[in-house]
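Welcome! Here is a short briefing to read alongside the structure shown below.

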Amino acid sequence: MTDAPMLTFEDLAVSFRSGRESVRAVDGVSLTVAPGEVVAVVGESGSGKSVTSMSALGLLPPTATTTGTVRVGGVDVTTLDGARLRAIRGAEVAMVFQEPMTALNPAFTVGWQVAEALRLHIEDLSKKQALDRAAELLEMVGIRDARDRLGQYPHELSGGLRQRVVIAMAIACEPKVLIADEATTALDVTVQAEILDLLRDLRARFGMALLVITHNMGVVADIADRVVVMYQGKVVEQATVEDLFARPQADYTKKLLASVPRLARGEGRTRTAPADEEVALSLEHLVVEFRGKGGRKNRAVDDVSLTIAKGEVLGLVGESGSGKSTVGRAAIGLLKPTSGSVRLLGEALTDARGRDLRRLRRRCGIVFQDPASSLDPRMTVGDCVAEPLVINGVGDRTERVVALLKSVELDPALRRRHPHELSGGQRQRVGIARALALDPQLVIADEPTSALDVSVQAAVLEVFLELQERLGFACLFITHDLAVVGRVSDRVAVMNAGRVVEEGPRDDVLFDSREEYTRRLVTSAPVPDPVEQRQRRAERHGL
Amino acid sequence: MSPPRFEGRGPCTAQPMSLSSPVVAEPAPVRVAGSYRRMASLFFANRLAVSGLVILGVLLLFCFLGPLVHHTDQTHTNLAGANLSPGQGGHPLGTDDVGHDELGRLMIGGQTSLEIGIAAGLLATLIGTIWGAVSGYAGGWLDAIMMRVVDAGIAIPALFLLLVTATIVRPTVPVQILIIGCVSWLVPARLVRAEALSLRSRDYVQAMKAMGGGHRRAVFRHIIPNAIGTVVVNATFQVADAILLIAYVSFLGLGVAPPKTDWGGMLSKGIAYTYDGYWWMIFPAGIAIVLVVCAFNAIGDGLRDSFEVRLQGR
């Protein structure tokens, strides 16, 4: 890479005014991206990585004050006015955002939107020409039958296709710099792998400078040439991808890499099950249908049968829309199954009503994905944890709440705070404490760590597993993250399109899978190791 | 920004798994003052809202403590001293057509208006909140029925209902509170239902159900407290509306019976003497109504802004 850098940040600092205070989000960031190079900026939430990328397009809100320079091909973006900035956006620097649904306008067809991206920058382009070019672009990003897709609306496309359309719009004017801000975060792993392939391919074809913002070390290992690690607004380390993963220098990088869960055979828990175990939860031929538009039935769960023995952790994996959360909700009676039965500790939950249902429910706990929405913002932490005790008329609550908070390694003094005063990891610990308040025999954990940063995820998982060992509750652990499922579960079930496609002991399913779908899922999950990831990519292309 | 706080990790025992030690600090959220204190500071930074509060305070003092300072006879008529202009015969605001002191009358009339307005506004809010929360939480056929009742109620003009009932029952203060409260709960019911629809699917309501909690707890402990912003803001508008409504009714001659009166009733009387130029019988009551309604609306706007941080600075 001897070319002059295409994108340069020099001593960039951004602070946000909020009331009378000012918060420094980015503090002295310097980095360069050469043409044809992929630089990944990695960091956890609040590290300032997105703010850095936004400044390249001049997209920061008016409350931000910026110092330092951001150069795109030699032009300092920070000094440009509105009109000149608009001329650069899209033509010189383009951006792909995280959520493809909100990045596209639902009221216009895909073709219209791609054509608009063209017509904004290329004058005297007729409508017809723009649409022709749009079709070419869609083909370029790997959309088949591009001509027919032009007339479709965003909601008619899958998430992966939508993200491809967003990328097509971004590359419409052949920008010199493409910024992908968590562009694959909202996508399933198999789709993520395809989009990463596409980005790699586009970089090779157009020689674009690619700046990838992500929190996922697997994505970094997969696509980056060089990596910039950010922490609390500062760059803590810059290195080539091989160096960074093999020889991390900064303490923070080491800790970050150490906390990324890895999928490896024989790692994680091993539990030898006694022969005749009591069953904690059994689902028999469970079917859940939702009524869709026009009375059409949408079968979310299709003939699922699963059992969980007492003290066992069953990992339920699947991509979005596979029905895994629906299974979890039906398992504790939050949803009524259309047919089939749910037996909880030997009793039929499906037939239980009123008092019986409540008695059964108090023997299970549930941990939700987003701790921000699973705790009532108007209640104190102590009240949240105590709620199951209040509902079930348990006395001595203060003592119990203190003990519960201690068991999830939280300071009991936090019980007087409100949830919004806690960090994400602390909130999720509160969620776990609440789920365990009644000494449940079964815990449903629905993506309990997906909303957390990796380092926090590792801490929360550790607390959870330690408690599981100690208290011996059975657990249905629902997640899309194979590495997490590898860590926590004794057995694994894989769901696809409402059905369980494979089920068995952890290593058998994850490493010697019989089903092609499982194998594709496993090979698509990027591993945080550039060398191994390269091999896996080759393997996947052969599959 | 506060320094990073480490995730609380006590003396963790047994670590049988090969879990990597998580030692990275998770930046704690910026420590914010309690939400109520933050709202209060936002509210008091809003000049319009504070002036609303001051006006309301002054009016309340005037109406309820004023009579202790300014003694007047508001029961017996004194035809000899009727229609005096301000200043005459020791009446700072003159007298009305039966000789009541206008200033004193403004005070006791204000008592009636404010009592009815505030009580009816609160009653309407109470009924509307519970109705809306139950309807939105329940969903399905119950929601459909409850909301059709609201639709039907809204289709009938409140003023018409008030006039009809005023001809049937003798309008005393409690009766008027009850009637106005019962015709104006429809709007808060709709607002709260909309909130409840989104709140009922929140994870914390689901979590509570999974713990074996009942519907009553869901509605009163989770849904209503989380809709409280909407409820409080709307309550201030409800009070303003109720005061206006009672003024209409009295203006049309169907208010509380003499010798009691309210601001609307005073206006109604004053109108008869417009051509005689007896302005003191119209302006004081009219201005008082405008002031109190504006004050409540300003307070409501201020409250809404402090609940909705996003609307700040607009």
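Which residues are exposed on the other side of H22(A)? They are Arg534(A), Gln535(A), Ala538(A), Glu539(A) and Gly542(A), where exposed means that 12 or fewer other C-beta atoms, placed from the backbone, lie within 10 Å of the residue's own, and buried means 20 or more. This is a predicted model, in which local features need pLDDT of at least 70, side-chain atom pairs count only at pLDDT 80 or more, and totals for chains, interfaces and linings use all residues. Residues are numbered from 1 along each chain as its sequence is written, while chains are lettered from A and ligands numbered from 1 in the order in which they are written.

**Helix H22**
- Helix H22 of chain A covers residues 530-542; helices here are DSSP runs (H or I, at least four residues) numbered from the N terminus.
- Pro530(A), Gln533(A) and Arg536(A) of H22(A) are buried.
- These three lie on the same side of H22(A) because they cover an arc of only 115° around the axis, judged by the directions from the helix axis to the C-beta atoms.
- The cover over the buried residues of H22(A) includes H9, H10 and helix H21 (516-524) of chain A.

**Two domains**
- Chain A has domain 1 (7-258) and domain 2 (279-542), with bounds from an automatic or database domain assignment.
- Their contact takes 19 residues from domain 1 of chain A and 16 residues from domain 2 of chain A, counting C-beta atoms, placed from the backbone, within 7 Å.
- On the side of domain 1 of chain A that touches domain 2 of chain A, H9(A) gives the largest share, five residues.

Conventions. Contact = placed C-beta atoms within 7 Å. Helix = DSSP H or I, 4+ residues; strand = E, 2+ residues; numbered from the N terminus. Expected span 1.5 Å × (residues − 1).
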